[in-house]
Structures are given as structure tokens and as C-alpha cells.
Amino acid sequence: EAQEAAEIRQRSLMSELAEERQQLRSVVETALEAFVAMDAAGRIIDWNSQAEALFGWSREEIIGRPLAETIVPPTLREQHRRGLRRYLGGGEGSLIGRTQRMPALHRDGRTFPAEISITAIRRGDDRTFSAFIRDVSEQERREAELERLALYDTLTDLPNRTLLRDRFDLAVAAARRDGTAVAVGFVDLDQFKGVNEALGHAVGDTLLREVGRRFRAALRETDTVGRIGGDQFGVVISALARGSEATEVGRRLLKALERSIEVETRPIYVTASVGLAVVPVVEAAFEETMRQAEVAMYEAKRAGGGELALYSEALDTSPPATFGLSGELRAAIDNGELWVAYQPIVEVRSGRCLGFEALLRWEHPQRGPVPPGEFIPVAERSGLIRPLGLWVLERALADLARWRAAGLPQGVSLNVSMRQLVDASFADALLARLRDLDLPPTRLTVEVTESALVREGGREIGQLAALRAADVHVSIDDFGTGYSSLAYLHDLPIDEVKIDRSLVAAAVTSERAVVIVRAASALAKAMALSFVAEGVEDERTWNFLVPLGAVRAQGDFICRPMRAEALPAWLVSHQARVGRDLAHGRRAHRRRPD
């Protein structure tokens, strides 16, 4: 009877063990990841269907085979065997009880990045190992793409300002170690705005890509060229035996543009102004050296363009006339050569006009229209930006008061320089002027560029916060040009994000630009911010914006900047067209809004 009882007990235990194994097998098979188990000798003892799909081996083919000879790449097999031996000998195996990434081998011979979690199981003196494995190829691709978006310009594929700063720091560290010199170049294309206006932004973008390619080919392997915005490029010139050798590099950049650039079978000639600043490596600072190179660039531009200039302290201490246009700009304020243009901002889905951006224009008596990209930097550097800013402010608010009296509901956006915000009384004076004109603060938006806000923002941010607290809208302009972090954006006193025109234009051809614009739109929506796309120049760009939701847009495709007196008539015509479209069930975004 005792023997019979023992046999019954043994059968019961075997049944329980079989049931336990079946339950374990069900868990392994229903796992979402590949599961592999092996014995102490490294042979595979279990393999689920996800592992079959991941590695190409069936369970029947793989059971009993050494793991190292199947899914481990040849270069890692000895490392894998040593890890098992160390663990079995009492030491800690390098892969045991942890998760890490390593290459894995498919049956067809290709390798792929995998994330592997290995666990050791002890049963008396027996030890087995189990691992969950998943393919992280797509995850690594996304991570690499996000890193590239953060460090490279989407249009030219050159390093952006952030990566240039990193390369600068590395070059300075090497120079201190090796006793060499470092220089920074600031390159601005001459009359590039004329190319955009005459031939369109698509041609301008193609031109910029080719210019970037030529600059990269003209430099040494130790040097770095990047696009820092618009038609401006930055260069880090490293490992120089003497600082004077930087001029040789600068001349190569100028020489790279001697040949015409063919765009759509059309030869285009372009020149550049190059400013160079040699770095004092003892106390090198990227932003200050870049500023010095920019000062030298304006000296080269004053000489007529297509020239090279080296920074010296004399350029910083010279009178404003050193920069060419500043003397004439000072006179232009008094001579009535300046005027304010207005460009509509519309809601993409409905076509409804929400407001206008005020843009300063200069009609030179001899030269004709002077591009803002030429005279605004001169005004910033010479101190004229404050009187210019006040002049634009007065004109725009006076026009806004007239429109309000005429029953127009739209507001006005004004670009404000950080130099204006340095004045502690700026916010109070602006609010007082709104009260004088009986204008609601909600009808005004002040715009500050992202780069200036992040680079110089301090007490200036307090001025913006005061305006926002009084219901003046605050907008961050040229967003996406490579400066602010999401954490920093979260802390800014803003109501609106205006994404840079270069990213909007690139979104119809560049997948990376599409990612940035969509991410910026989603970010703005999540933070309850208005989102404006600048530089909408064609129907493809307009239609691209439609799926993004409540997006606003401005650009020449909608309407070119116009004089104040032309605005009411345009608005009546535009609203009539939008009304007709809605009445006939047409969607405004499928055709040019005006």
C-alpha cells in the first residue's frame, strides 16, 4: 500500500509539473517579444513564435543548437561564451541580470540592433538562462533622426548654430592643447533677397543648397561650415598655425562662388561678404567671436560686397558711418523715406483675415527699395533701432486707431527689438499710448525673434511679461532656428509661435522640415498657443498646412505687404471672396485665398 501511495504521489507530481510547464509554455507563446531560453552549455532549450518571426528559425530547427552559433554575430561569439563561463564559475557574467543593446544575427546573415534582457535561473546545481529580445531598428532610426533635426539645418543639411558652437568648443580645446589658432567666419550672400523676389523662393532654396555644398567642398577637413539662418553661414576654422591663415580660407569661400550656379537651366551669379575674427583661445566665447565676425562682414559689405574683412577693435569703435547705410538711415527718418507696409495673417481653414503684421520699408532716393535685411542690422548696431522702432510703433498704432474707427476688427503685429526692451519704461510707455488712442491692448501683438530672446532675454522678458499681463499679445518669431529648448519655451510669457519661413518653405520637399513644422504645431496646440506659419509662397505650402488644424499663415501667396491706404479695399474684396466660397460650399484652402 505504501508503494502504491508513492506511485500515486509521483504521478500527481508529474501531472502538476506537466501542467506547470504547459502554463509556462502558454505564457512564453503569448509574450509580445521574442523569448529564448538556453542551458548552462549555451544550447537553446526554448523558442517562441515571436523568436521565429524575428530570427527566421523555426522552433524545431533551433532547439538544441548553440545560441552563439545562431543569433549571435561572429564578432561577439567569444564574448558571449566568456560571459557564460564567468557566470558558471561563480563570477558575474557581463550580460546577466541586465538589459542592454547589442547586434543580433538573422538567419539570412543580416544583423540588426536588438535590446536584450537576460535573466539567470538556478535550480539546485542546474543553471539556465532566459532572454527577451526585441528589434530596436526603428527606435534607433527615430533617435538618430531627432538628433539630426536638433543639430543640422533642414534645407542645406549643414550644421546649425548649435552644432557650430560645439565644433567651436572642440576646436578651441584642441588649440589650447596644440598651441594653434582658431578663427570664426560670418558669411552673408549679397543681394540674395533680390533672387527670391525675382525668381521665387524655390530657386532661392536651390541656390542656398548649392552654395552650402560649395562652401563645404572649399574647406579643409578640420573646418566646419553651417547655416545660421536665411542667407547667412558660419564657419569654424581650426588648427591654424597662424591666425593670419584664416584669410586664405576666407578667400577660398569667395572663390567657390566665382562660377555661376545653374538653377532650372538658368545661370545665376552670386557673391558673398565674408567677415573673419581670430579667437583669443585663452578666453574664447562663441557668441562674442561670432559677433566680431559679423562686424567684419558688414565692413566687407560696405566695401561693395564680394569682399573679405578681418575683425579689429577699430571696427567696433568707429562711428556708425563705418557700416555704410547708418548715416543715410539716420537722415531717412527725417526725410520721409520710410513707410510701413502691412501683410495679412489669415486662418488657413476658413481664409478669414485675423490681423496684419507691420513691416518697415525704406525707399532710398537713389538706390530705390533697400531690403530690411540690410538696414535693420545696421540700425541695431548703430543704436538707431530705438528711434526706428518708435517711429514704426507710432505709425502702426495710428493706422490701427483709424481702422478701428472704421469698424475693422483686425489687430496689428509689431516687431520689437530686444534693444527697445532694455528700456525699463518701454512697457509702460506702450500701454500709455494705447490708452491715449483708446485702443484695446488685445488688438496689438508684439513679436520678438527666438534667437534674440534666448540670447539676450533677462529683464527684457520681464517687459514682455508686463505687456502680456496687460492683455497685449506676445509672439516668438522665427521659431525653429535652433536655439530654444522646450523647457525654456514653456517659461516664456508668450501667446503665439511663428515658425521660421525657411522651415515652412522646406516642408513641401523635406521630410525633416515636415516633422519640425508638425511638431511645432502640436506643441503650440498643447500649450494653448496660436501657431503662425510665415513665408507661405505657393499653393503646395498652403495645402500642406490645412491638416495641421487651427493654423494661421502669412506670405506672398496670400497677399504681398501693402500700404495702409490699400488695406481696407483689399479686406473688403478678400472677405467677399471668402463669403462666396462658404456660400457655395467651397473650401477656401483649395484655392488661392486672394
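Modeller: The account below begins with the nonpolar cores and ends with the confidence of the model. This is a predicted model, in which local features need pLDDT of at least 70, side-chain atom pairs count only at pLDDT 80 or more, and totals for chains, interfaces and linings use all residues. Residues are numbered from 1 along each chain as its sequence is written, and side-chain values use heavy atoms, with hydrogens and water left out.

A nonpolar core is a set of buried Ala, Val, Leu, Ile, Met, Phe, Trp, Tyr and Cys residues joined through side-chain atoms within 4.5 Å; buried means under 20% relative accessible area (1.4 Å probe, protein chains only). The largest such core has 82 residues, and those with the most contacts inside it are Tyr342, Trp403, Val446, Ile499 and Leu545. Its largest share, nine residues, is supplied by helix H14 (residues 385-405), helices being DSSP runs of H or I, at least four residues, numbered from the N terminus. Beyond its neighbours within four places in sequence, Val446 is in contact (heavy atoms within 4.5 Å) with residues including Leu414, Leu430, Leu464 and His473. A second, separate core of 32 residues includes Leu158, Ala183, Phe215 and Ile237.

As to confidence, pLDDT is the predictor's confidence in each residue, from 0 to 100. The protein averages 81, and 82% of the residues score at least 70. Over residues 91-95 the pLDDT stays under 50, and the model has ten contacts beyond four places in sequence for them.

Conventions:
Buried < 20%, exposed > 50% of the residue type's maximum accessible area, 1.4 Å probe, protein only. Helix = DSSP H or I, 4+ residues; strand = E, 2+ residues; numbered from the N terminus.
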